[in-house]
Amino acid sequence: MKPASFDFLCPETLEEALAALAEGGGEARVIAGGQSLVPMLNMRLARPALLVDIMRLEALRRIETSGDEIVVGAGVRQAELETWPSLLHDLPLLAAAFPWLGHVQTRARGTVCGSVAHADPSAELPLSLVTLGGAVSLRSRKQKRRVKADDFFIGMMATDLAEGEMIEAVHFPKARRGSGYAFREVGRRHGDFAIVACAAVADDRGLRLGIAGVDDRPRVFPLPALDDDQFEDAINDIAWSLNARDDIHASARYRRELVRSLGRETLKEASRCRA
Amino acid sequence: MPRMNAARKHPVDFTLNGKAVRAEAENRMLLSDLLRHEIGLTGTHVGCEHGVCGACTVQIDGKPARACLTLAQQVRGSDIRTVEALSPDPAKLSRLQAAFRRHHGLQCGFCTPGILMSLDALLREHPDAGREDIREHLSGHLCRCTGYATIVEAALAAAEEQRKEEKPNA
């Protein structure tokens, strides 16, 4: 339960960080808050040769509004976004999700982008990012690119991040007037991994339901109106399409049932919050 | 700073319980092990070592955090507070500690240092914290003895006392 040894670099500039990542290839990892990576190091599920600590890079520590997006830099801790004064107004879905996200003690250190990079299939931040239709900015020494959240998560703790790349920021679309948002979760305790988590958006384009904890990555689906005859069949089809599995925490059948019941409740709440 | 070699120890400067300290740590050393093995403060306990049990919780820059999920090298320049700092006089308990004793908020005591550091931060930042806030903070800790009820009672009592001391006429 102790990490294997690694070199450590605390760069003063982003360029220096990117050069080290380029040179390190697959053997170099970024460390920010460490709340997902350090458990992996402790259990030796990760054995990088080099850790690059990005928390001294001031340019990454900003929450900015850019057009209709909120841009959260790679050095922003979860607690900093949680207490950001505009959160409830601009990102109400995240305001609803935060109480479920780890514990006070892990949110104080863990970063928003770190959770996205870790890509746990039951995690709240990746789910929120996918449900809102957000994006991830990636940066390497040679290039910058922007990937839609839905394309960034490709499987169980697997992302589109290439060797030598790091997440520079994540982009959350700002809440639009007349839209409703809701987040619900079933887990053993607040802060435990979700058995199933649901995020819902109700706006002029209709209903969208994001689901985490069932498939190997967060997924989002459009749904017909709650009073539509097609609704039951649609949510049932989603529950069956998600490739639910039995594990120590819950059976596949229970997870499908949660998708149907919790999914409906979350959509109902988002619809109520509209207007 | 240049790249720090894995095979050697490197200095870490930080503030510990109000005093400036310099310790030596390998890159792979956790803050929990730095505190216990290098500095000799064994009040911070180590349980699961992957962030679940909360026994190793200390305050980093005033906020409760897991020492086992923090590399020693990450706290360079930070202000760390451990359970040893709660009472300035080793013969006397702090208000919160005394409430734990009175309300039987501990039995074996293994989880207690971590819980104290979380609740101490909570009561400092939110002097009017109620049952729900306390339970929310406790959700990041495992206690297998008490069933938590007595811990919540102790924290509520300490909060009440603190409010009375700060506003004696209220």
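**View 1. Chain A splits into three assigned domains.** In this predicted model, the domain assignment of chain A places domain 1 at 7-53, domain 2 at 58-173 and domain 3 at 180-273. For a sense of scale, the C-alpha centres of domain 1 and domain 3 of chain A are 35 Å apart.

View 2. Zoom in on Cys113(A): setting aside neighbours within four places in sequence, its contacts are Ala32(A), Val72(A), Ala74(A), Ile167(A), Ala169(A) and Val170(A). As background, nonpolar side chains tend to be buried together in soluble globular proteins.

**View 3. In chain B, strand β1 pairs with β2 and with β5.** Follow β1 (residues 9-16) into β2 (residues 19-26) of chain B, and you will find an antiparallel pairing over 8 bridges. Leu16(B) has Lys19(B) as its bridge partner in β2(B). The two strands make a hairpin with 2 residues between them, and Asn17(B) in the turn has a positive phi of about 50 degrees. β1(B) also pairs with β5 (residues 79-81) of chain B, here in the parallel sense over 2 bridges.

**View 4. Chain B meets chain A.** The contact draws 27 residues from chain B and 26 residues from chain A. On the chain B side, β4 (63-66) and α4 (131-138) each supply at least two residues, and β4(B) gives the most, with 4 residues. The chain B residues touching chain A comprise 7 nonpolar, 13 polar and 7 charged.

Technical notes: Residues are numbered from 1 along each chain as its sequence is written. Chains are lettered from A and ligands numbered from 1 in the order in which they are written. This is a predicted model: local features need pLDDT of at least 70, side-chain atom pairs count only at pLDDT 80 or more; totals for chains, interfaces and linings use all residues. Domain bounds come from an automatic or database domain assignment. Two residues are in contact if their C-beta atoms, placed from the backbone, lie within 7 Å. Two strands pair if DSSP finds at least two bridges between them. Ala, Val, Leu, Ile, Met, Phe, Trp, Tyr, Cys and Pro count as nonpolar, Asp, Glu, Lys and Arg as charged, and the others, Gly among them, as polar.
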